Amino acid sequence: MNEEKKEKRGGRREGAGRPKGDNKLYAFRADRDVADFIDAHDNKTEFIRDCILQARQTSVEETKIDKLGEVIPANRVKPVNVPFFDVKIVAGFPIPLNNDEMAQDIELLKMLCPNPDSSYLIRVQGNSMIEAGVHDGDILIVDKSNRQPTEKQIAVCELNGEYTVKRVKEIAGKKWLVPANPEYPNIKLNENDSFSVWGVVTYIISKPKY
């Protein structure tokens, strides 16, 4: 009799327990600064989810923009201190620069990237902006915190899922992407186009052209 009762109790009842879904539970440890920052938000789950979604979106953007050239976030570049001589150099008589007392150490990345957390280094491919001083293989420092370029500034733009380096200009009431090379055509922006400015070029790093 007891054995019969045990058999009836055994096994999982159909429909028992929580229904299976697509959600998964994750747990992680955070240091004090990160924990305090998370605790400052009323809805911690929503905040963490938004951070992850934003990171995933950034990863997708970086994957697409890789087609433009090699992309490196500025905050992953190791600090480099170099001697800096704050003197005016003209193409005339030589000025001695062998006096270390005249030099001061500067952190090169901070000088070139005022906003390193939102800046990227892109080794560009192509010569569509050659007359603007951008040659194939040059390194562009792009600030993503600035997405409102003037017509003179060089911008990295996303057009229908593809990335390009151009100037954004208004011609006859219409917006155009304008290259700095007569061999490349202007690109007219239409109403149905998916267009956005990814960032503005702040510096161009290039080797001397011999």
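1. Thr164 counts as buried: its relative accessibility is 15%, and the cut-off for buried is under 20%. Bear in mind that this is a predicted model. Thr164 belongs to strand S7, which covers residues 162-171.

2. What does the side chain of Thr164 touch through polar atoms? Its partner is the side chain of Lys166, in a polar contact of 2.7 Å. Beyond the neighbours within four places in sequence, Thr164 is in contact with Leu68, Ala155, Val156, Cys157 and Leu177.

3. Three of those contacts, Ala155, Val156 and Cys157, take us to strand S6, residues 155-159. Is S6 enclosed or open? Five of its five residues are buried, so the strand is largely enclosed by the rest of the structure.

4. The burial of S6 holds on both faces. One side carries Ala155, Cys157 and Leu159. The other carries Val156 and Glu158. Each of these residues is buried, and both faces are covered. In a regular strand, side chains alternate between the two faces of the sheet.

5. Which way do S6 and S7 run relative to each other? They are antiparallel, and five bridges join them. The two strands form a hairpin, with two residues between them. Asn160 sits in the turn and has a positive phi of about 55°.

6. S6 also pairs with strand S10, residues 195-205. This pairing is antiparallel too, over five bridges.

7. How many salt bridges does a search of the whole structure find? The search finds one. Arg32 forms a salt bridge with Asp36, and the closest N and O atoms are 3.5 Å apart. Side chains of opposite charge can pair when their charged atoms come close.

8. How accessible are the two partners? Arg32 has a relative accessible area of 58%, so it is exposed. Asp36, at 40% relative accessibility, counts as partly exposed. The cut-offs behind these labels are over 50% for exposed and under 20% for buried, with partly exposed in between.

Key: Residues numbered from 1 in each chain as written. Predicted model: local features only at pLDDT ≥ 70, side-chain atom pairs only at ≥ 80, totals over all residues. Heavy atoms only, no water. Helix = DSSP H or I, 4+ residues; strand = E, 2+ residues; numbered from the N terminus. Buried < 20%, exposed > 50% of the residue type's maximum accessible area, 1.4 Å probe, protein only. Polar contact = N/O pair within 3.5 Å; in protein donor to acceptor, adjacent residues only side chain to side chain. Contact = heavy atoms within 4.5 Å. Pairing = 2+ DSSP bridges. Salt bridge = Lys/Arg side-chain N within 4 Å of Asp/Glu carboxyl O.
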